[in-house]
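Work through the exercises below with the sequence and the 3D structure at hand. Each task is followed by a solution in steps.

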Amino acid sequence: KLTNRKKGTLTYSYFIWYGLGRFIIEGLRTDSLYLGKVRISQIVSIVIIIIGIIGMILSNIKEKSEKKGK
């Protein structure tokens with residue numbers, strides 16, 4: 001059942017996996033925009049991954065605090 005899953009887990013998992021996939025694919029492209037020696041699209045991918053990880057962590061912390069309150 002989906003009711004056993006933490007709220008937001010699916011969304012944050014998507015952010016992480018999409019960011020990883022995009023990071024790899026953008027590394028293969030030859031027509032990328034660069035900021036110094038780093039591709040802008042890969043920076044965006046890293047930001048998406050970080051948002052997903054932070055979201056997962058905060059979701060776990062929130063769930064643990066809700067369980068303690070019951």
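**Exercise 1: Helix crossing**

H1 passes H2 in a left-handed crossing. The model is a predicted one.

Task: Determine whether H1 and H2 are roughly parallel or roughly antiparallel.

Solution. 
Step 1. Take the axes of the two helices: those of H1 and H2 come within 8 Å and cross at roughly 160°.
Step 2. H1 is therefore roughly antiparallel to H2, because angles over 145 degrees fall in that class.

**Exercise 2: Exposure within the network**

Task: Classify Glu26, Arg29 and Asp31 as buried, partly exposed or exposed.

Solution. 
Step 1. The cut-offs are under 20% relative accessible area for buried and over 50% for exposed, with partly exposed in between.
Step 2. Glu26 has a relative accessible area of 11%, so this residue is buried.
Step 3. Arg29 is partly exposed, because its relative accessibility is 37%.
Step 4. Asp31 reaches 55% relative accessibility and therefore counts as exposed.

**Exercise 3: The nonpolar patch**

Task: Identify the residues that form the nonpolar patch on the surface, and say which helix supplies the largest share.

Solution. 
Step 1. The patch is formed by Phe23, Ile24, Leu28, Ile46, Ile50, Ile53, Ile54, Ile57, Leu58 and Ile61.
Step 2. Together these residues have about 940 Å² of accessible area.
Step 3. Helix H1 (9-28) and helix H2 (40-69) each supply at least two residues of the patch.
Step 4. The largest share, 7 residues, comes from H2.
Step 5. Take Ile50 as an example: this residue lies in helix H2, and its 42% relative accessibility is why Ile50 counts as partly exposed.

Technical notes: Residues are numbered from 1 along each chain as its sequence is written. This is a predicted model: local features need pLDDT of at least 70, side-chain atom pairs count only at pLDDT 80 or more; totals for chains, interfaces and linings use all residues. Side-chain values use heavy atoms; hydrogens and water are left out. Patches are made of residues with over 30% relative accessible area and no salt bridge: like charges are joined within 9 Å, nonpolar side chains (Val, Leu, Ile, Met, Phe, Trp, Tyr) within 5 Å. Accessible areas come from the Shrake-Rupley method with a 1.4 Å probe; for residues, only the protein chains shown count as cover. A salt bridge is a side-chain nitrogen of Lys or Arg within 4 Å of a carboxyl oxygen of Asp or Glu. Helices (H or I, at least four residues) and strands (E, at least two) are DSSP runs, numbered from the N terminus. Buried means under 20% relative accessible area, exposed over 50%, partly exposed in between (1.4 Å probe, protein chains only). Axes are lines fitted to C-alpha atoms, for helices over the stretch in contact, and angles run from 0 to 180 degrees between N-to-C directions. Angles under 35 degrees count as roughly parallel, over 145 as roughly antiparallel, 65 to 115 as roughly perpendicular and the rest as oblique. A crossing is left-handed if the near helix is turned anticlockwise from the far one by less than a right angle, and right-handed if clockwise.
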